[in-house]
Every structure is written in structure tokens, then in C-alpha cells.
Amino acid sequence: MQKILDENYYDFIIDNSMIPRYSTGDNITLLNDAHSLLHVSRSVMDVCDIGRTPYYAFPSVYTLASSASDENSPNKTVEQNTNYNLLGQCTLVGIVDTGIDYQHPAFRNADGSTRIVSLWDQTDQSGASPKDFTFGTEYTKQQINAALLSNNTMSLVPTVDTIGHGTAIASIISGSIDTKNSFRGIVPYSELVVVKLKEAKKNLRNVFLIPEDELCFQESDVILGIRYLVEEAKKMERPLVICIAMGTSQGIHDGQGVMSQYLANLLLLSGVNVSIAAGDEGNRGRHYFGSIDSAPYSTEFQLNISNEDKKLSMEIWPSIPGRPAIQIISPDRLITYKIEPSFNECIKFAFDQGLVWVNNIIFEEETGQQLILIRFDQAEPGLWTFRLDSTEIQPFYFNSWLPSGNLISDDTYFINASSDTTIINPGNSINTLTTSAYNQLDGTILVQSSRGYTSNGMVKPDIAAPGYQIPCALPQNRYGTMSGTGAAAAQAAGGIAMVMEWTLCKGNFTSLTGKQINRMIARGAKRSSSYLYPNNVWGYGQLDINGLITRLINVL
């Protein structure tokens, strides 16, 4: 079995400069130009493997942004462009998600042939992997068309989207015109390159104490998927817009990290762009902010844990100069001793029937910041209290985040939580277009839409796009709707494809980078006199592609 698939191996992210030190011939998987995976065997795996191995080496765990349903939309189509007939011709739309229902009419031409250029199913090991990749099966347009004409479709191309999220996202951007069902995507003449992600390894789930039955994905697999999309676009010499409708609340939320750096660099290339969902964490109570600026430089905050959530983790990221120690007080008022900052110590505490692991990492190697990682197994329900004391007798502030998406229930939340700084990674990365969601029927921001800014004050989100009951395709030839920032990111991706068609494909501006396009979109946003811009809810305003194209035409 490939080590990237083998549960007896951890996948550690390393810098490519370290490959000569560790490579044994089959234990390295290239991620991109800067990073790779080092596959390390552990005969016994343990929660305290974080401590023995640095936190940053473990890939983050991603969850989906938004969910689709069968309910009908009050607004059958969301028009972005009424004047310029920009339908996505010559553009590629890249999807890294739960897969796609390739048999759905939303992804077929009028003659029944597919608009999918290629599809890499990471979960399917039955066929040939893509060139320069070591696992999964690649299906070409020719293979998909042959399957669509066959009486044994699934025997030829046996890939499905059992979740429906990827199908919905792809259709919002690129769905074919279906007059019978009053449906069309934003750019229905674009073509698709699709990656179906495999689920996160169980050993990664175990390290972060993620329940076994919850759907989640591994950051490294997403990076590999993006690399595949970019390489396909290069081969075809076509502009590419990638939609990332997932993310994580792990990390410091300041645009650092392997994924964020990778995306930031991609957007310096001509003809590549990325639209990212801000996340649907705005009203879930999963972020706490504290600021301690007077003696004795000590504070407490509380977390309510539901009886549904037996396994979970939380992260506390204190700022300099204060370096806090932590004490934890259970709902039964059992209290730990004061856990001082250290380099690699992992401490286990027993509370009634449950266990709590604490890493108070004085120097998290990727960011240079302090990180307090707390993980619960069989957590006692009720109010948990956390006491922070500055060991330097210095002021400090801190952010604390709980897991994103479906990994915990909505009944687990911080008391006096803050909805700010809730944008999921990689939505905090620079250059990318991070999208919040608003109700296009009444003009209000969706309550679940994550808020900025980043933890270091960078403007995010960049833009707000329609995200309320957006029409979409669903598996098994169904149609429905999707609400949230995933749907909004898909709307923005469709807008990016329009700009690419008018600029790159039609020869009006032939060397625009993704970063430049995103700055144009932000500058051309629709703004209300009721707000100051940019702000941490709307970014630079509402997506307005029609207005942007009009401005560009007037410039020429």
C-alpha cells in the first residue's frame, strides 16, 4: 500500500530542503515547490505525538463550508452579468471537494457530452494515477464520455459524490443551462477540472481527537488537489479559477501556513486565481478574544461543552510579550496545577472519566508564537474555566478557537464569544479572494458568515457575494439550493471566470495575475453609504462584475 494511504504512517509536512536528510526512496510525497510529505511509521500512535513532533508538521483538518438541500429557491437564478455575454468560454473551473456527479445534466453539453476535462478521484485506487502523483485514479474527458454513452456507466468511471457538496459548488459556478428546471450556473460554457478528496487519515483524526464519524479532509490532500488543477491548466494553456469551499479553524489566522503560502504564491502567476469561502463560523461562539493590559496580568474565560461532544480540541494563541501559564478547572471544580510554557512537553490530566492533554508550546516553530493546545477525550459536559497568568509579568492578548464546521455541535461554545476573527484558513491568506455571504433578497449579511479581520489586522474578507438559497445541482439529477459562504465563494469564482474571459481570453489584458484580478474586483465592488470600507463583515463591498467590466471597457 502507498504510505500516503497507510494508517501506520503519519504524513508530516516538511520543507523541501529537508528531503536529502530524510528520503529513503519511498517515504516522500512532493506537495509543491516548497513542501513535501514525510511518511513516518509509528508502531504505537499517541495523542502526545504532538510534542514529540512539532505541531506545524501535522496537516490541518478541513471541514466543508455550507451545505445543500432539496428545498426550492425563492430566486431561481442569480444573474451577475446581463450586458456582456460572458459565459466562461475558454476558462477552466477547478473544484477540490467531495467529487462531482459527472452524469448530471448540469455538467453536460447539449449533445450529452461532458464539460469535465479531467477528474482525479483520490479515493479510487482501481486505475492509473495522474502523472507525477502516486495514488488515486484519473479519469479523462474521453473516458467520461465513453462511460456516458455506455450501458455500464459506473463500471467504466466508478466515481460518485455521495455528499453532494462538490456537485453543488461546481454547478453554481459552471452548471449548464437547463430551461426546464430554470437553472444555469454563472459561467455555463466553462469547463471543469475536478478533484475528489479522500478523507483525513484516522491517525490524524486521533491526534486532534476528532470523532470517527465526522467528515473531514487533510490539508495536504487539498494541496495536492490544487497542484493537480494547476498542472492541468498549464497543459491546456487555459486560465484557471479554483473554488475552495472548505477550511479549518486551526492555526493562528494570520495568513501564515503551508497552504496559505502556496496560494499566495500561485496568485502571482498569470491566469490563476482562487476564490475561498470565509467560513460559516460567525454565529457559532467558537472564537474567544481576551486582552490583559494591567497587573496582575491574569484572566479567566469559560467554555461550555455539550454532552454530545466527547472528543474535541481547542487552541489558544497568546501574543508577545506576555507568556502565559494555564490552569484548567473542570465543571466539578477540579483544577490542574499551573502548566508553564515549554518546548515539547505534553501533559495528561484525568478528570472523572475523561482525559485532557495540554501542550503549552512556548515557541511554535512555524509562526514563532506561543500556542496552548488543549485536547479532550470523554469531556465532562458543562462549564470549563481556563485561567491564564503571564509568567513575564507583561500584558498580552490572545485568541482561542474551537474546531470548525461539523466537528463539534453548536451546543459547545465560549461564554462571551467574539464573532470577529472567525474566518477559516486558508481564507486568511494574502492575494486570494476571500468571500463572505449576504442575502441577495434583502441585502443583509448572513448571520453565519465568518467575520474578519485576520489576527494580525489584515483586511479579510475581501468581498461579499450572494449566498442565500443559491440554486444548485445535487446528485442523482436533482436540483436544490445552498446557503452560506461556500455558495458565495462559488458566486465569486464565477465572477472571476467572467473577468478572465473578458481580459485574458478576449485579449483585452493578456497577462493579469490572480492577485491583480482580485484587486480589480475589490476596487470595483458595490458599496453602501451606510458603511465605512473596508470592514470586517463586507470587506470592500458587494461583488459587482457587471460594473467592473463596464469600468474596464471605459478604460480601453
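How many residues has helix α9, and how far does the helix reach from its first C-alpha to its last? Select residues 485–505 to find out: α9 has 21 residues and reaches 28 Å, close to the 30 Å expected at 1.5 Å a residue. That expected span is 1.5 Å times one less than the number of residues. Helices (H or I, at least four residues) and strands (E, at least two) are DSSP runs, numbered from the N terminus.

Before continuing, please note that this is a predicted model, in which local features need pLDDT of at least 70 and side-chain atom pairs count only at pLDDT 80 or more, while totals for chains, interfaces and linings use all residues. Residues are numbered from 1 along each chain as its sequence is written, and side-chain values use heavy atoms, with hydrogens and water left out.

Remain at α9 and display its surroundings. Because 20 of its 21 residues are buried, α9 is largely enclosed by the rest of the structure. Buried means under 20% relative accessible area, exposed over 50%, and partly exposed in between (1.4 Å probe, protein chains only). After the helix comes Gly 507, which has a positive phi near 80°.

Next, select α10, residues 514–523. Its buried residues are Gly 514, Ile 517, Asn 518, Met 520, Ile 521 and Ala 522. Their cover includes the strands β13, β24 and β26 together with the helices α9 and α11.

Select β24, residues 433–439. Seven of its seven residues are buried, so the strand is largely enclosed by the rest of the structure. Both faces are covered: on one side are Leu 433, Thr 435, Ala 437 and Asn 439, and on the other Thr 434, Ser 436 and Tyr 438.

- β13 pairs with β24 in the parallel sense over three bridges; Ser 275 has Leu 433 in β24 as its bridge partner.
- β26 is also parallel to β24, over four bridges, and there Ala 464 stands opposite Ser 436.
- β25 (residues 444–445) runs antiparallel to β24, joined to it by two bridges; Ile 445 in β25 is the bridge partner of Tyr 438.

β24 and β25 form a hairpin with four residues between them, and Gly 443 in the turn has a positive phi of about 80°.

Select Val 537, in the loop between α10 and α11. With a relative accessible area of 18%, this residue is buried. Val 537 touches Ser 436, Ile 445, Arg 451 and Pro 461, not counting residues up to four places away in sequence; contact means heavy atoms within 4.5 Å.

From there, move to Pro 461, in the loop between β25 and β26. The peptide bond from Lys 460 to Pro 461 is cis, with omega near 0°. Another cis bond joins Asn 425 and Pro 426, where omega is about 10°; Pro 426 lies in the loop between β23 and β24.

**An open sheet**

What is the order of the four strands in the open sheet with antiparallel pairing? Select them in turn: β17-β21-β15-β23. β17 (324–329) and β23 (413–414) stand at the edges with a single partner strand each, so one side of each is left without a neighbour in the sheet. β15 (residues 298–305) and β23 pair over two bridges, and Leu 303 has Phe 414 in β23 as its bridge partner.

Finally, select Asp 97 in strand β6. The side chain of Asp 97 makes a polar contact of 2.8 Å with the side chain of His 165. Asp 97 is buried yet has no salt bridge, and the nearest side chain of opposite charge, Lys 196, is 10 Å away. A salt bridge is a side-chain nitrogen of Lys or Arg within 4 Å of a carboxyl oxygen of Asp or Glu. For charge, Lys and Arg count as positive and Asp and Glu as negative, while His and the chain ends are not counted.

Definitions and conventions. A polar contact is a pair of N or O atoms within 3.5 Å; within protein, one must be able to donate a hydrogen and the other to accept it, and residues adjacent in sequence count only if both atoms are side-chain atoms. Two strands pair if DSSP finds at least two bridges between them.
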